[in-house]
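Reader: I am new to this structure. Can we go through how to read it, feature by feature?

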Amino acid sequence: MDSFKKKFIEEASELIDKLEVTLLELEKNPDDPTQIQQVFRVMHTLKGNSSMFGFDLIDKFTHNLETVYDLIRNNQLPLTPQVLNVTLASIDHLKAMLDEGNYDDPDFLTTHNGLIAKIDQLINPDKPNEEKKSEVKDEHDPDAVIHTYYIMFEPRQDIFRNGTNPLYLLDELAGLGQSKVFAHFNRVPLLDSINPDYCYVYWEAIIATEQAVNAINDVFLFVESESTLEIQKIADLNLLSDTKFVEEVTQLSNVQKDIGYVAVQKLAGQAAARLNKQKSEVVKRERIGFRDKSTASIRVSSDKLDSLMNLVSELVTTQARLSLFAEENNVPGLGPIVENVQKLSRQLRDIAFSIVLIPIENLFGRFQRLVRDLSLELKKDVEFLTEGADTELDKTIIENLSDPLMHILRNSLDHGIEEAGIRVASGKPTKGKIALIAFYSGASVIIQISDDGAGIDPEVIREKAIQKGIITPERKMSKKEILDLVFLPGFSTAKKVTDVSGRGVGMDVVKKKIAEIRGEVDIDSEVGMGTTITIKLPLTLSIIDGLLVSINKTAYVIPLAAIDKIYAIEKAKIYSAFNNLVTLDGKQISFFSLRKEFNLSPSDEELEQVVVVNYEDNCVGLVVDFVIGEYQAVLKPLGKHYKNHDVFSGATILGDGTVALVMDSNKIIKEFAKIQTIKVK
Amino acid sequence: MEQEITSKINSYLTFKLGDEEFAAHVGKVLNILEMTKITQVPKAPDYLKGVINLRGAVLPVIDARIKFGMPEAEYTTNTCIIVLDIDLDGDSVHVGAIVDSVQAVLEIDNNQIMPLPTLGSRYKSEFIIGMSKVDEKFIIILNMDAVFSIDEITALKVNAEMNADSADVEKVE
């Protein structure tokens with residue numbers, strides 16, 4: 001049962017998130033009926049689920065909320081900002097309600113009762129129509145209470161004498177519901193023997209009605225003594241909705257003088273069976289539809305995914321070993337098989353990795369809310385745009401992205417966007433704009449947060465850095481270098497510390513957190529125009545496409561994503577180069593000899609190779625002995641003992657069973673550059 | 001449960017570093033490997049010899065001699081890697097330790113384990129569980145968790161000037 005509860009909570013959290021997103025949409029377009037419908041539907045599902053799993057409190061609470069939106073969608077209640085505020089507060093409360101441990105908390109109870117009172121007030125601003133609500137309710141299932149009756153009405157011949165018109169009775173009968181009346185004229189005599197005062201006609205009727213059998217009896221109340229009346233219930237559903245039944249009965253009435261209860265009942269039985277089958281088919285179809293939806297996305301525990309990933313990783317490693325074996329041992333026929341295995345495992349790898357990728361959408365939804373609340377709190381009117389919500393990233397990356405992104409957004413709102421007055425004075429629209437954009441760029445995902453606020457003045461940063469003793473006044477720095485200073489610990493340029501940001505524990509933590517998921521942060525700002533923060537993230541964390549290189553007979557992997565070009569270079573050029581610069585393709589490129597940096601002796605070969613990698617906006621060469629080839633590296637952690645050696649992001653096991661270290665090209669260059677500047681000093 | 005069972009076992013694996021014999025509780029030992037090719041990690045401290053492939057996982061390897069502040073020695077056919085399960089800040093971490101040779105698995109009762117002599121000890125007390133006399137030889141029983149933690153070289157032997165300090169501490173205890 002507990003696992004069901006867990007599943008419910010999982011699902012409910014998702015529903016609540018969805019609800020939040022929809023509400024925020026609704027706030028922008030309050031008149032959008034589809035959104036109102038959507039809110040209602042989600043609440044309805046939430047209510048249903050919670051009552052099913054015994055979360056009665058949530059059930060009751062959402063029931064009230066649902067009523068509000070029921071009224072709204074029926075245009076009985078306007079959608080005011082107040083309603084939205086109460087609903088959003090309720091959503092927060094719902095989140096708290098998912099944790100049953102909260103239920104005894106007095107604060108929780110106060111909020112709970114407060115919200116219930118508020119919702120009640122929304123429903124009954126001046127205690128209006130309860131019955132309207134119940135009417136709406138009744139419409140829900142019109143089918144369930146309908147019965148079908150067979151009526152045989154045979155008036156006595158002298159019925160006209162009392163002034164009774166049987167046709168009126170039949171009209172009245174038809175008023176009770178859907179009906180099919182068969183008039184039988186077979187007793188009408190030939191014209192010469194007809195008595196105009198006599199009623200020769202009798203009727204059979206089939207009526208489907210919600211009314212009880214008494215209502216039918218009532219119709220014939222005054223003619224009971226003057227007619228033969230037979231009323232029989234033939235089915236508990238609306239048989240007249242079954243066209244085949246109607247056809248059959250009509251046909252029967254045409255060929256026979258009267259249909260008779262027995263025949264009708266027989267047909268009714270068939271029809272009922274048919275209808276029931278149809279109904280269950282509808283239900284089934286609905287269920288199938290539901291299942292279709294659920295196959296579109298199924299829930300899998302992340303443990304299973306993790307083990308799948310591990311197995312795929314092992315497979316890729318084993319496949320590499322197989323390829324090597326095939327290369328070394330020329331077994332006829334093995335080559336094509338190995339190639340096939342390689343192809344398959346590559347595909348399998350790609351699919352397995354795409355499984356653990358999830359769209360960034362949920363994260364974006366959360367931020368919609370954050371920006372809304374913050375902009376209210378700070379009294380800044382802000383338009384929040386998101387783009388690329390379907391961009392997919394590794395689950396762990398998304399989880400670790402939440403805090404840094406939240407921080408950046410807060411900064412943008414708090415420091416970036418100016419007060420309305422200042423905005424107007426500088427000729428900007430009063431409404432500020434913050435955009436959160438995600439998109440693919442090669443093997444990485446870029447997330448950009450840009451605002452059209454005040455921007456960051458490099459001079460202010462510079463002064464501040466000098467004041468804090470981070471840099472010396474005479475140090476010459478490019479604008480980019482200055483802006484990068486904000487990523488240093490303890491650096492905050494906010495003039496006042498607000499509740500929201502400015503404690504100086506900001507950007508350095510952001511940078512650290514993003515570095516933990518192998519990402520990079522970049523900042524660009526134009527005074528008066530705004531600030532853009534760019535985060536570059538890897539798609540997945542566990543397999544990388546790499547270039548296998550050899551240094552001193554040891555293999556290393558350089559991530560392929562960072563590599564620009566590979567050149568051959570004479571050894572003499574490297575060791576005689578001044579200021580570590582070589583000219584390649586007419587461009588001056590600074591380089592690092594990995595042999596030298598790893599404290600190894602120079603190689604004996606005359607030719608070495610330079611792998612040119614992108615580093616920030618520059619190209620930097622890494623000199624290796626030689627390039628072995630492309631390699632899919634399954635990244636394995638080096639373990640805690642090497643936690644201080646982050647120039648290697650991990651290790652991978654090669655086909656021959658040896659271990660190759662995977663370089664983090666960015667960190668390695670940063671590290672070497674640091675050492676070099678110290679040397680120069 | 002498992003913890004309880006392993007702590008009730010009184011078996012110790014003994015190994016040699018130079019002339020001295022040490023012992024590690026078998027509960028800490030996962031495996032003993034022959035010396036294999038170690039992939040060096042550039043710019044790491046000396047005692048971190050590199051990493052090896054342990055059945056598909058990457059295992060960091062520590063040279064116990066360097067870690068204990070002893071002179072490095074050539075690897076011989078007797079040189080082994082003991083794969084240890086170390087408790088590091090609550091996490092279980094696997095690490096390989098290179099030792100000169102593995103000796104035997106001995107049963108040592110808890111009451112046979114003697115505390116270190118309080119005065120004039122050549123070893124730092126936090127790394128040592130105790131000593132035991134087996135076949136007229138003294139075996140030092142190590143606290144593997146402490147010895148193979150992340151810290152830089154944990155010179156097992158106390159330096160001359162530190163000797164006085166630690167003796168003081170021990171007296172207080």
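**Reading the features**

Author: Start with a helix pair. This is a predicted model. Helix α2 (residues 33–52) of chain A packs with helix α3 (residues 56–73) of chain A at an angle of about 160°, and their axes are 8 Å apart.

Reader: What does that angle say about the directions of α2(A) and α3(A)?

Author: Angles over 145 degrees count as roughly antiparallel. α2(A) and α3(A) are therefore roughly antiparallel to each other. Their crossing is left-handed.

Reader: Which residues make the contact?

Author: From α2(A), they include A:I36, A:V39, A:F40 and A:M43. From α3(A), they include A:I58, A:L65, A:Y69 and A:I72. By class, the contact has 10 nonpolar, six polar and six charged residues.

Reader: Which residues of α11(A) are buried?

Author: A residue is buried if 20 or more other C-beta atoms lie within 10 Å of its own. In α11(A), these are A:M309, A:V312, A:S313, A:V316, A:T317, A:Q319 and A:A320.

Reader: What covers the buried residues of α11(A)?

Author: The cover includes α12 (334–355), β12, β19 (626–634) and β20 (648–653) of chain A.

Reader: Now the backbone. Which residue other than glycine has a positive phi?

Author: Look at A:K553. Its phi is near 65°. A:K553 sits in the loop between β12 (543–551) and β13 (554–559) of chain A. Chain B has a case too: B:E136 is not a glycine, yet has a positive phi of about 65°. B:E136 lies in the loop between β9 (128–134) and β10 (137–142) of chain B.

Reader: Is A:K553 buried or exposed? What about B:E136?

Author: Count the neighbours. A residue with 12 or fewer is exposed. A:K553 has 7 other C-beta atoms within 10 Å, so A:K553 is exposed. B:E136 has 5 C-beta neighbours inside 10 Å, so B:E136 counts as exposed.

Reader: Last, the two chains. How many residues of chain B are in contact with chain A?

Author: In chain B, 19 residues are in contact with 20 residues of chain A. On the chain B side, β4 (48–54), β5 (57–63) and β7 (91–99) each give two or more residues. β4(B) gives the most, with four residues.

Reader: How do the residues on that side of chain B divide by class?

Author: They divide into 13 nonpolar, four polar and two charged.

Technical notes
Residues are numbered from 1 along each chain as its sequence is written. Chains are lettered from A and ligands numbered from 1 in the order in which they are written. This is a predicted model: local features need pLDDT of at least 70, side-chain atom pairs count only at pLDDT 80 or more; totals for chains, interfaces and linings use all residues. Axes are lines fitted to C-alpha atoms, for helices over the stretch in contact, and angles run from 0 to 180 degrees between N-to-C directions. Angles under 35 degrees count as roughly parallel, over 145 as roughly antiparallel, 65 to 115 as roughly perpendicular and the rest as oblique. A crossing is left-handed if the near helix is turned anticlockwise from the far one by less than a right angle, and right-handed if clockwise. Two residues are in contact if their C-beta atoms, placed from the backbone, lie within 7 Å. Ala, Val, Leu, Ile, Met, Phe, Trp, Tyr, Cys and Pro count as nonpolar, Asp, Glu, Lys and Arg as charged, and the others, Gly among them, as polar.
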